[in-house]
Amino acid sequence: MSFSRCALLWARLPAGRQAGHRAAICSALRPHFGPFPGLLGQVSVLATASSSASGGSKIPNTSLFVPLTVKPQGPSADGDVGAELTRPLDKNEVKKVLDKFYKRKEVQKLGADYGLDARLFHQAFISFRNYIMQSHSLDVDIHIVLNDICFGAAHVDDLFPFFLRHAKQIFPVLDCKDDLRKISDLRIPPNWYPDARAVQRKIIFHSGPTNSGKTYHAIQKYFSAKSGVYCGPLKLLAHEIFEKSNAAGVPCDLVTGEERVTVQPDGKQASHVSCTVEMCSVTTPYEVAVIDEIQMIRDPARGWAWTRALLGLCAEEVHLCGEPAAIDLVTELMYTTGEEVEVRDYKRLTPISVLDHALESLDNLRPGDCIVCFSKNDIYSVSRQIEIRGLESAVIYGSLPPGTKLAQAKKFNDPNDPCKILVATDAIGMGLNLSIRRIIFYSLIKPSINEKGEKELEPITTSQALQIAGRAGRFSSQFKEGEVTTMNHKDLSLLKEILKRPVDLITAAGLHPTAEQIEMFAYHLPDTTLSNLIDIFVDFSQVDGQYFVCNMDDFKFSAELIQHIPLSLRVRYIFCTAPINKKQPFVCSSLLQFARQYSRNEPLTFAWLRRYIKWPLLPPKNIKDLMDLEAVHDVLDLYLWLSYRFIDMFPDASLIRDLQKELDGIIQDGVHNITKLIKVSETHKLLNLEGFPSVSQSRLSGTLKSQARRTRGTKALGSKATEPPSPNAGELSLASRLVQQGLLTPDMLKQLEKEWMTQQTERSKERTESGTHPKGTRRKKKEPDSD
């Protein structure tokens, strides 16, 4: 029967008889339109089979499934064939049919068998209904079924195959869940590294606290080997081993994310390489490999790099250096590879003691003291107060360029330099050799980000406290004994308690999806954004109890930042792995601009970048200027990092490196004069610094202000940065809540009130002595040098 003949017969049939001949008509239409969906009973059987085939996999988090848009059909070039075969649909009747379909419990249950939970079912139905109601013409198969249902010649359940087809269009993950689970199966990571599995490796764990010589012994073995690789956690450590190796007559190359240095005149690779752990090769054979700070395998963001190095390095001997807390986990992981672990224990080379008295006041500072702060504001505040006392201090914090950190460390270590005090963050915990006599914790509260991405203020962990305290009295420094204390006496007992606690054992190692895995995900979900792909991958991933999937918030942040820019998936993935500080707006906007230039196929030249950063840059006049220069330095780091991945589009790496060295010098000068910058910033109210009637009051006040920001619906502790907390009813209400939450003790509250009253009395005396009028006439400002 020809198609035209079939259509003519259909059109002549009365509506009631059309339903009876539907089977014959559909049979005739199959060659033109393909097979028609089966009835609900057949679908139910298929759903049951599909459900059983999926096995006992975990239920996916369907909130991550972002619906795609399916546009309604416009007028067809062939006309509305369904209307010609039957008659035009009455949209009011169709709407009633669809609403009845939605309310059917049997349909909802069947949808659940296909992975459509209540939320997905609702979203899919809304999209399906809009598609039906807004389309100018429908495919002939669904038009016929809708027509039959409207005339009572078919059951409303017959819509399900068409609904399911539409649901899979807007939620393509429903059609490939099993494939996605296979791709994201992370349960046997040792199998990812066949080259390493082909070598019977000897694993040696050098275990001990800081300043115990564990890394020294591992490095000696590295120097004596025919070939070797050192994997460090920081660029500074990679540079240090690079320099030591070449100084010892062992040719060694340097590989970091932003730098490649070969020492052979012909450019040939040396037999030894010092690198940051992310950059190590898992295909190059070595005689000896050293993985430093192995306990960072538990790091929520970077732990994957240590896992990759531990499982993947092709070396006859792999030397691990780190805390004893990692021994059990490493032993378990190596058991899965068939390798045994030899543990070598080390004791601290110099004694260290926790003092029974706190510093209490900066007047009690001695040469060789290091004050450890956990915020830049505290760094600036303490530096300023030290300068007021006629002392000079060096400053080290995380966002400073490596060259500036080394310059400040050299200044502090030089016995002939007048700088005898160091003010630093926990950035000194690893990577710098410092001659410290006494570590003074300005606070024991460190900001951190929890699993939900929320900021929390918690006491430092035992591992962190030991790592920082261990910097005092190092074997290679002029001080052969180390001391540890706190700024405030009330913190001293907590510090002793923290240091006495056993270090929590490391129970899991980090993992990270590879670019290849994400590409396979994208093959199945081609219209899904990279950020959403990551979410779905992490949700579908299956890991053993010895592993966890690392936090990928920074990756997703970059992915969402450049989502609208047309890039291939592999290029987009590489841009998103570029290390940036997302707290720096200029750095983030630079990543966006670099990606935009790349997408236009416009090379980012030296001249272009000079214009972009507005070079030449002036020396900083205040702290804000200094922070802006640090951000520019990070942008140049970003350029260099990308230049090794896209050499054609970022062609001027050597010129940018020279520019960065010049900028590093400007920043060094700024940090050298940091107290002057702080003074200017205070004058122009560019800093949120507390007044300093006493150090303990400032520390406690700063903690209270931070805690207040965590409390919903509460106001800041003071309307002006220089005003201390006031014990009025509103503030006491906040203080009461802090006491109830255990963030503030009643004794601390009484001490705070007492200190505030003392401060107010002192200020009142000062106003009286200086002749300040009660109505607020201000004293004449001091000249800049009067302090």
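**Exercise 1.** Find the bridge partner of Ser207 in E8.

Solution. In E8, Ser207 is partnered by Asp345. Strand E1 (residues 202-207) and E8 run parallel, joined by 5 bridges. Strands here are DSSP runs of E with at least two residues, helices are runs of H or I with at least four, both numbered from the N terminus; two strands pair if DSSP finds at least two bridges between them.

The model is predicted: local features need pLDDT of at least 70 and side-chain atom pairs pLDDT 80 or more, while totals for chains, interfaces and linings use all residues. Residues are numbered from 1 along each chain as its sequence is written, and side-chain values use heavy atoms, without hydrogens and water.

**Exercise 2.** Name the residues with the most contacts inside the largest nonpolar core.

Solution. A nonpolar core is a set of buried Ala, Val, Leu, Ile, Met, Phe, Trp, Tyr and Cys residues joined through side-chain atoms within 4.5 Å; buried means under 20% relative accessible area (1.4 Å probe, protein chains only). The largest has 161 residues, and Leu159, Ile371, Phe575, Phe594 and Phe650 have the most contacts inside it. Helix H27 (residues 623-643) gives the most to this core, with 12 residues.

Terms used: Buried < 20%, exposed > 50% of the residue type's maximum accessible area, 1.4 Å probe, protein only.
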